[in-house]
Each structure stands twice: as C-alpha cells, then as structure tokens.
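Here is a fold to read by its definitions. Each label gets a question, and each answer puts a value beside a cut-off.

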Amino acid sequence: MAQHPRLVTPFTAASTADDVLRGHDLGGVRALVTGASSGIGAETARALTAAGARVTLAVRDTDAGSAVAGEIARSTGRARPDVAPLDLADRASVARFLAVWREPLHLLINNAGVVTGGLSRTREGWEWQFATNHLGHFALATGLHGALARGAAERGGARVVAVSSTAHMRAGVDFDDLHHTRGPYDPQLAYARSKTANSLFAVAATRRWARDGIVANTVNPGGVATGLQRHFTQRQRRSLDAAEAAGVFTYKTVGQGAATTMVAAVLPALAHAGGRYLDDCQEAYTVPDDAALAEHPHGVKEWALDPALAERLWTVSAALTSAPLA
C-alpha cells in the first residue's frame with residue numbers, strides 16, 4: 001500500500017464543481033466524459049465546458065447527449081460539446097469509438113455506470129455491471145493510452161478520473177467468480193465489486209503510465225439522486241434508505257456530487273500523483289477490509305488500493321478485452 005501524506009484540500013462535501021474550478025482556465029484542455037447525458041456526468045461536462053475545456057460527451061443515447069450539449073452551450077456561452085456514441089457494455093461500440101478518436105487527450109473521466117436489479121449479461125456472458133462499470137472503461141482507457149500520452153506531452157501531464165462509490169466498501173473483487181456464475185446472484189454485491197475494480201484500475205494505471213505523464217485517481221461522488229437508481233428493486237431501495245438513515249451518506253446536489261471529480265481533474269497537487277481515492281473532496285483514509293461501512297462512510301478499504309490486486313485485475317481485464325498489457 002502506498003505510504004504518503006493524505007491530501008488535504010480547502011473544499012468540503014458542500015463544495016460544488018464550480019467552486020473547485022473557480023480560477024482555473026481550462027482553455028486548450030481536451031476532455032472526455034463518459035455517461036454525460038444526465039446526472040453527475042452532465043454536470044461534470046457543463047462545469048468543464050464553463051471553465052474553457054473542449055469536451056466530448058461519450059454516451060449510449062446520443063439524442064439525450066445532444067440535448068445536454070445544447071443546454072451546456074446555452075448556459076455557459078461556450079462552444080457546444082461534441083457528442084459521440086459509446087456503449088461500454090458492447091465491445092464493438094468501444095472499438096468503433098476508439099477507431100475514430102484522433103486527438104491528444106488531456107482528461108478522461110470514466111463517469112458512466114449502471115446498476116441492475118437482477119442478473120443481466122453481455123453477449124460474451126459477462127455480468128453486466130462488471131462489464132460496463134469496469135471492463136468497458138478499462139478497454140476505453142487502454143485504447144486511449146496513446147492519446148493520453150500525447151496529451152501529457154503537450155501539457156506536462158494527463159489525468160484519468162475513475163468514478164467509484166461507497167459501495168466498494170461492501171466487497172472486493174472475486175477473481176474466482178468475476179461474472180457471478182456461482183450461486184445466487186446479488187446485484188448489490190456485483191455493483192460493489194465493480195466499484196472496487198474502478199479503484200484498482202486507477203492504482204494500476206498510475207503505476208504503469210506515470211512514466212508517460214499520465215496519472216489516475218478514484219473519486220466517490222457521494223449520494224446523489226440520479227438515473228443510476230432507476231432500476232432499483234424494492235430491496236435495493238430499502239437498503240439505500242437504511243444506509244441514509246444510518247448516516248452512511250447525505251444526499252448531495254449534482255454540483256456537489258461532481259466536485260470531487262473536479263478535485264481529481266484540476267488540483268495541482270494531483271498533477272503527478274495518482275492511485276488515490278478521494279471522498280468529499282479530500283483523500284479518504286484507509287481502513288481494514290473488515291471495517292464496517294456504517295462506522296467508516298468516508299474511508300477506503302485496503303482491497304481497493306492494493307497494488308498486487310490491481311496488477312492482477314489489470315492482467316485479467318487485458319486478457320478479457322484483448323487490450324495490450326502495457
């Protein structure tokens with residue numbers, strides 16, 4: 001586990017994306033935000049555009065993405081973001097996206113995510129949440145490695161932000177059952193594993209790509225009511241209500257939810273520091289794997305930052321997605 005002083009910032013759980021970006025000129029920055037057709041992704045794209053970045057919205061629903069892009073242009077007075085089709089659960093869709101991307105990239109925000117109420121699988125037989133939340137983003141990021149390296153050469157660094165969740169506290173990655181083929185299926189457990197995988201990706205990406213000027217960090221946006229919850233079962237809704245009642249989280253606005261992403265995206269202290277997990281705009285404290293979520297709602301478990309597990313997951317993910325190991 002990395003030993004370094006915990007990052008402390010002047011921002012809090014109440015800070016917004018605009019608060020974090022105040023005073024930052026992102027002119028010349030090329031940014032890509034997945035899942036930017038609603039919720040935190042749309043707010044992230046809006047805030048980046050308002051600060052001067054040229055943004056691409058990578059979305060499944062391009063009609064919804066186009067509507068968001070138009071609203072961003074109207075509300076910020078800036079150039080309209082680009083919109084590109086991307087279905088992270090579809091390997092062919094990811095390949096098509098990568099085939100047409102030609103520009104240097106300075107900021108990749110892996111924001112998209114899905115929650116299912118029951119077992120769904122991709123055409124490869126992969127469990128849907130792990131396939132979308134982790135494997136799709138893994139294939140996208142590794143496919144954009146060259147673009148990120150060119151972006152880093154242009155501006156002295158490039159960043160990747162992986163959006164995780166407090167849910168990672170519930171489960172580590174089960175390497176013996178990545179696709180949930182054994183025993184009864186628990187969608188909450190599957191989601192938790194995919195969110196731990198997001199963090200492990202950032203750890204391994206930084207270790208592998210720092211020499212190219214690329215760093216990756218993980219963020220927990222906190223509790224925000226978005227379309228992510230639209231497929232919740234009654235059991236999942238009861239669990240969410242119980243977590244809120246126990247003080248595990250307090251609902252935020254989308255602006256507050258996007259703030260920690262902005263900390264990872266622009267804070268100078270993170271320009272060359274990666275593999276960290278941020279919560280409420282601060283670096284989270286690490287807790288043992290058996291720590292209780294209710295007692296440590298703003299912590300990060302050791303299993304989400306373990307470099308050996310991160311390397312193991314990278315190797316497995318590269319084999320599944322036919323990505324290069326570098």
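## Reading the labels

Q: Which residues touch the most other members of the largest nonpolar core?
A: The model is predicted, and in it this core holds 49 residues. Those that touch the most other members are Leu32, Phe97, Leu105, Leu108, Leu140, Leu144 and Leu148. Two or more residues each come from helix 4 (91–100), helix 5 (128–143), helix 6 (145–155), strand 5, helix 7 (187–209), strand 6 and helix 11 (307–321). Helix 7 gives the most, with eight residues.

Q: What does Leu32 touch, not counting residues up to four places away in sequence?
A: A contact needs heavy atoms within 4.5 Å. By that test Leu32 touches Thr56, Ala58, Phe97, Trp101, Leu105, Leu107, Leu108, Ile109 and Leu144.

Q: Why are strand 3 and strand 8 said to stand at the edges?
A: The open sheet has eight strands in the order 3-2-1-4-5-6-7-8, with mixed pairing. Strand 3 (82–85) and strand 8 (282–283) each have a single partner strand, so one side of each is left without a neighbour in the sheet. Helix 3 (residues 62–76) packs on this sheet, touching strand 2 (54–59) and strand 3, and its direction makes about 170 degrees with that of strand 3.

Q: How do you know that strand 4 pairs with strand 1 and with strand 5?
A: Pairing asks for at least two bridges. Strand 1 (residues 30–34) is joined to strand 4 by three bridges, and the two run parallel. Strand 4 and strand 5 also run parallel, joined by four bridges. Both counts meet the cut-off, so each is a pair. Leu107 of strand 4 stands opposite Ala31 and also opposite Arg159 in strand 5.

Q: How many bridges link strand 5 and strand 6?
A: Strand 5 (residues 158–163) and strand 6 (residues 214–220) pair in the parallel sense over six bridges. Within this pair, Val160 stands opposite Ala216 in strand 6.

Q: What makes both faces of strand 4 count as covered?
A: In strand 4 (residues 107–110), Leu107 and Ile109 lie on one side, with Leu108 and Asn110 on the other, and all are buried.

Q: Why is Thr260 called buried?
A: The cut-off for buried is under 20% relative accessible area. Thr260 has 0%, so it counts as buried. This residue lies in helix 10 (residues 259–266) and touches Val219, Asn220, Leu278, Asp279, Asp280 and Cys281, leaving out residues up to four places away in sequence.

Q: Is Ala264 buried or exposed?
A: Ala264 also lies in helix 10. Its relative accessible area is 2%, so Ala264 is buried. Beyond neighbours within four places in sequence, it is in contact with Arg159, Val161, Asn217, Val219, Leu270 and Leu278.

Q: What is the phi of His180, and what is that of Cys281?
A: Phi of His180 is near 55 degrees, positive in a residue other than glycine. Cys281 is not a glycine either, and its phi is positive at about 70 degrees. His180 is found in the loop between strand 5 and helix 7, while Cys281 lies in the loop between strand 7 (277–279) and strand 8. The relative accessible area of His180 is 9%, so His180 is buried; Cys281, with 1%, is buried as well.

Definitions and conventions
Residues are numbered from 1 along each chain as its sequence is written. This is a predicted model: local features need pLDDT of at least 70, side-chain atom pairs count only at pLDDT 80 or more; totals for chains, interfaces and linings use all residues. Side-chain values use heavy atoms; hydrogens and water are left out. Axes are lines fitted to C-alpha atoms, for helices over the stretch in contact, and angles run from 0 to 180 degrees between N-to-C directions. A nonpolar core is a set of buried Ala, Val, Leu, Ile, Met, Phe, Trp, Tyr and Cys residues joined through side-chain atoms within 4.5 Å. Buried means under 20% relative accessible area, exposed over 50%, partly exposed in between (1.4 Å probe, protein chains only).
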